[in-house]
Amino acid sequence: MPAIKLSDTVYSVGVQNPDLRIFDIVMRTEFGTTYNSFLIRREKTVLVETSHHNKFEKYLDNIKEVCDPAEIDYIILNHTEPDHSGALAQLMECCPKAKILCSQAAAIYLKNITNCCCKQIQVVKNGDSLDIGGAELSFITAPFLHWPDSMFTYYPAESAVFTCDFLGSHYCCPDIMDSKIDSEENYKSACKNYYDAIFGPFPAYVRAGLEKFEALNASTAYTSHGPVLTTDHLLPYVLEQYKLWSAPKVHEKPLIPIFYVSAYGNTEALGRSIAEGIHSVLDADVPLYNIIEHPMEKLAAQLNESDAFLIGSPTLNKDAVAPVWQLLAHVDAINLAKRPCAVFGSFGWSGEAAANIEQRLSSLKAAVFENNYRIHFVPSKEELAGAVSFGAEFAASLKQ
């Protein structure tokens, strides 16, 4: 994609990566992505964001379509993740007078990301402004959207905000404007997947970010990935969805899912008895999920939204079975702290699964119930009754 003039003073000079299918190791990008970067041309020339290092040559060509890189006065980095800053070190060789403007946290990160450019870095604080000749840019800190270094850059002269990753999407199409996307259905799917992966762990910060953005009453959001959003097209939709997705989850009843894997039905039998015990103490929603029978995304959503949860596993080769570890790999570790949980399972030889699961949950700072419940091979009537009691004791601990 070549450079595109977006307004009287703003140009898109970013690059596309339509063939990317995995972003940051774990995030699928069915529709590719873009590394958006914008040039503002007034008395001062300002570059907002850079690009991924492996797209540098194309990126530099796009800049040259608008100006000589040596004319750039400022480079604003709203965030320093390498898809934003990866091209910075190479670019600075072409921009000898440019100052790098970023948050305090970003300044610390940049020194280790670029291993250069330290003398050119200038920290900006919340509410600081920059005169660019006939207009100003102002800076608004937006921590954990989605790194501690994140901020917005507001351009009131054009009612626009450079929002960094906020409101973005991994969506690549021939034109960068939201009015010209090739499939609104695909875009909306990409927008949701992006939110879940990037902002799902930070709902309170998303709500704070929405307040900051909406207070500016801007008509354009220049995002770092995906299309530019405007009030005449997709911006209202995206804002409304972010409000919906980040709203606090309030359950009419406590949600206490039980996740298990069961080779011969023994661990499953324990799970059902534990659920019975929970119900004897609490009016709660206690769904049981055989992990191998449900999409991992559904299970992860239930676990991450739960008020408490239990995990059951048999022991195979002195460990829990692989589907359990897959589920725990999807845990929202940021918000799991102090979440009540408990572990159970049937075993044949040695029974290490429960302790290994507990160790993992403890490392995630979850509130692990002090006793797990394990039985040897097939549960007897007495052991099933013990599982009922275990469920009741766990439920009672939630009321304390």
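In this predicted model, Lys-253 forms a salt bridge with Asp-283, and the closest nitrogen and oxygen atoms of the two are 3.3 Å apart. Lys-253 lies in the loop between α7 (235-246) and β18 (258-260), while Asp-283 lies in the loop between α8 (266-281) and β19 (288-290), so the pair ties together parts that are 30 residues apart in sequence. Lys-253 counts as partly exposed, because its relative accessibility is 38%, whereas Asp-283, at 56%, counts as exposed.

A second salt bridge can be followed within a single helix. Lys-192 forms a salt bridge with Asp-196, with the closest N and O atoms 2.8 Å apart, and both residues belong to helix α5 (residues 184-199), where they stand 4 residues apart, about one turn of the helix. Lys-192 has a relative accessible area of 29% and is therefore partly exposed, and Asp-196 is likewise described as partly exposed, with a relative accessible area of 39%.

Another such pair is Lys-180 and Asp-175, whose closest N and O atoms are 4.0 Å apart. Is Lys-180 buried or exposed? With a relative accessibility of 53%, Lys-180 counts as exposed, because the word exposed is used for values over 50%. The count of salt bridges in the model comes to 8.

From these charged pairs we can turn to a sheet. Here 6 strands form an open sheet in the order β12-β13-β14-β15-β16-β17, and the pairing among them is mixed. β12 (129-131) and β17 (229-230) stand at the edges and have a single partner strand each, so one side of each is left without a neighbour in the sheet. For β17, the pairing with strand β16 (residues 220-223) runs in the antiparallel sense over 2 bridges, and when the reader looks at this place in the structure, Thr-220 can be found opposite Thr-230 in β17.

The last stop is on the surface, where nonpolar side chains come into view. Which residues form a nonpolar patch there? Trp-349, Phe-377 and Val-378 do so, and together they have about 450 Å² of accessible area. One of them, Phe-377, is found in the loop between β23 (373-376) and α12 (381-398).

Methods:
Residues numbered from 1 in each chain as written. Predicted model: local features only at pLDDT ≥ 70, side-chain atom pairs only at ≥ 80, totals over all residues. Heavy atoms only, no water. Patch = residues over 30% accessible without salt bridge, like charges linked within 9 Å, V, L, I, M, F, W, Y side chains within 5 Å. Areas by Shrake-Rupley, 256 points an atom, 1.4 Å probe, with all protein chains shown as cover. Pairing = 2+ DSSP bridges. Buried < 20%, exposed > 50% of the residue type's maximum accessible area, 1.4 Å probe, protein only.
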